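Morning, everyone. I have one structure to walk through today. Please bring it up on your screens.

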Amino acid sequence: MVPPPPGEESQTVVLPPGWQSYLSPQGRRYYVNTATNETTWERPSSSPGIPASPGPHRSSLPLTVNGHHTPGTPTLPPETAHMSVRKSAGDSQNLGSSSPGKKQSKENTITINCVTFPHPDTMPEQQLLKPTEWSYCDYFWADKKDPQGNGTMAGFELLLQKQLKGKQMQKEMSEFIRERIKIEEEYAKNLAKLSQNSLAAQEEGSLGEAWAQVKKSLADEAEVHLKFSAKLHSEVEKPLMNFRENFKKDMKKCDHHIADLRKQLASRYAAVEKARKALTERQRDLEVKTQQLEVKLSNKTEEDIKKARRKSTQAGDDLMRCVDLYNQAQSKWFEEMVTTTLELERLEVERVEMIRQHLCQYTQLRHETDMFNQSTVEPVDQLLRKVDPAKDRELWVREHKTGNIRPVDMEI
């Protein structure tokens, strides 16, 4: 409530005991009996024969701030209670403000795309839901301007795109491993073919044995690479491809659910604005009739005034009902956003961990393959160390000698 400036009321007329003077948000003065909670637009008087007020008018509307009922505030006239929640020209008040004493002006809140936020210039910073983490549930409430156009993108839509992009990256990794498998299979095939080549097959001696082992090691290596490619398929490529096979479909369902809640929120907001406009019109009609009666420009009866007041009260009730439905829709959207964003966060951590594990499996298989490849060349190394040209010459000479008698000079 806005009390009168110091000395203003006391310098003109002293109010009867128990009465206080206040100003409505529109600057109009009204009076409240603090003992009986009676309210009136007319200044009360204690003079004999002059009624103190045309009778008490009690508002049927509970005072609300951001959807929460506020007890303990003196009852205001219906028109006064409604004036504090209506949206006058050039003044965007918070949804749900309903009394001068609990007024929340446009400086306290701001509505963006039908979602009501605390104004950053006047409200203290809110406590994060997960203050020790950069969590999805704390940083994607507002909409973001679409870099590819003039529209906006909901924060949840941004998170959803990241999830779908992660699924695509996972698919591409699987395709990459598949190409690696093809290379391994082709390499193994070529090694096996080369091992059957007959080139230098006639090499003899210890060197011939070493050469034969070289060709055999190619066949062994081909077998190693075939096994490597098979394990890559079963232990890396296939799990990457099949992980969350229906992920995209599930994400679309989730997206539709949140989008439906936003549509419902927008519909509730439109209903609030419509009810606010209706209340403004009813208040204007009541004010005009009241002024006409006060200046004796019309012969309207008190019944006409009561009828206009009832319509104004009903319009105020409708507005409060619309505001309550809006707040319920926004609370539902808020709860689903928190739940869903935390689930998306969990799914992303799970996806990254899954890929990390399978890439570790890939490196492990590579190490094993290298070890097997090394084992295929170890026999070759052993034979190469045993190559003895002198021994080979001896064996060859023994096998192919033609005679050890040297020629002599001819005699006459």
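Let me start with a question: is Ala154 buried, partly exposed or exposed? This is a predicted model, so keep that in mind throughout. The answer is partly exposed, because the relative accessibility of Ala154 is 28%. Buried would need under 20%, and exposed over 50%.

Where does Ala154 sit? Look at the loop between strand E9, residues 152–153, and helix H4. Now its surroundings. Set aside the neighbours within four places in sequence, and Ala154 is in contact with Ala142, Asp143 and Arg262. Phe140 is 14 residues away from Ala154 in sequence. In space, their C-alpha atoms are 8.0 Å apart.

Let me step back to the whole protein. There are 412 residues, and 36% of them are buried. The secondary structure comprises eight helices and nine strands. Now take the contacts with a sequence separation of 6 or more. Of these, 63% join residues 24 or more positions apart.

Next, helix packing. Helix H4 covers residues 155–195, and helix H7 covers residues 302–386. Their axes are 11 Å apart, at an angle of about 15 degrees. The cut-off for roughly parallel is under 35 degrees. H4 and H7 are therefore roughly parallel to each other. The crossing of H4 past H7 is left-handed.

Who meets whom? On the H4 side, the residues include Phe156, Leu159, Met173 and Ile177, along with Lys162, Lys167 and Arg180. On the H7 side, they include Met337, Leu344, Leu347 and Ile355, along with Glu348, Arg351 and Arg366. Sorted by class, this contact of H4 with H7 has 10 nonpolar, five polar and six charged residues.

H7 has another partner to look at: helix H5, residues 205–242. The axes of H5 and H7 come within 9 Å and cross at roughly 175 degrees. Angles over 145 degrees count as roughly antiparallel. So H5 and H7 are roughly antiparallel to each other. The contact of H5 with H7 has 17 nonpolar, nine polar and eight charged residues.

On to the aromatics. How many aromatic pairs are there? The count is five. I'll show two of them.

One is Trp134 with Tyr139. The ring centres of Trp134 and Tyr139 are 4.9 Å apart, with the planes at 20 degrees. Stacked requires under 30 degrees, so this pair is stacked. Trp134 is exposed, because its relative accessible area is 75%. Tyr139 is partly exposed, at 37%.

The other is Trp141 with Phe334. Here the ring centres are 4.9 Å apart and the planes are at 15 degrees, so Trp141 and Phe334 are stacked.

Phe334 counts as partly exposed, at 38%.

To sum up, keep your eye on H7. H7 runs roughly parallel to H4, and roughly antiparallel to H5. Happy to take questions.

How values were computed: Residues are numbered from 1 along each chain as its sequence is written. This is a predicted model: local features need pLDDT of at least 70, side-chain atom pairs count only at pLDDT 80 or more; totals for chains, interfaces and linings use all residues. Side-chain values use heavy atoms; hydrogens and water are left out. Axes are lines fitted to C-alpha atoms, for helices over the stretch in contact, and angles run from 0 to 180 degrees between N-to-C directions. Helices (H or I, at least four residues) and strands (E, at least two) are DSSP runs, numbered from the N terminus. Angles under 35 degrees count as roughly parallel, over 145 as roughly antiparallel, 65 to 115 as roughly perpendicular and the rest as oblique. A crossing is left-handed if the near helix is turned anticlockwise from the far one by less than a right angle, and right-handed if clockwise. Contact means heavy atoms within 4.5 Å. Ala, Val, Leu, Ile, Met, Phe, Trp, Tyr, Cys and Pro count as nonpolar, Asp, Glu, Lys and Arg as charged, and the others, Gly among them, as polar. Rings of Phe, Tyr and Trp (its six-membered ring) pair if their centres lie within 6.5 Å; planes under 30 degrees apart count as stacked, over 60 as edge-to-face and the rest as tilted. Buried means under 20% relative accessible area, exposed over 50%, partly exposed in between (1.4 Å probe, protein chains only).
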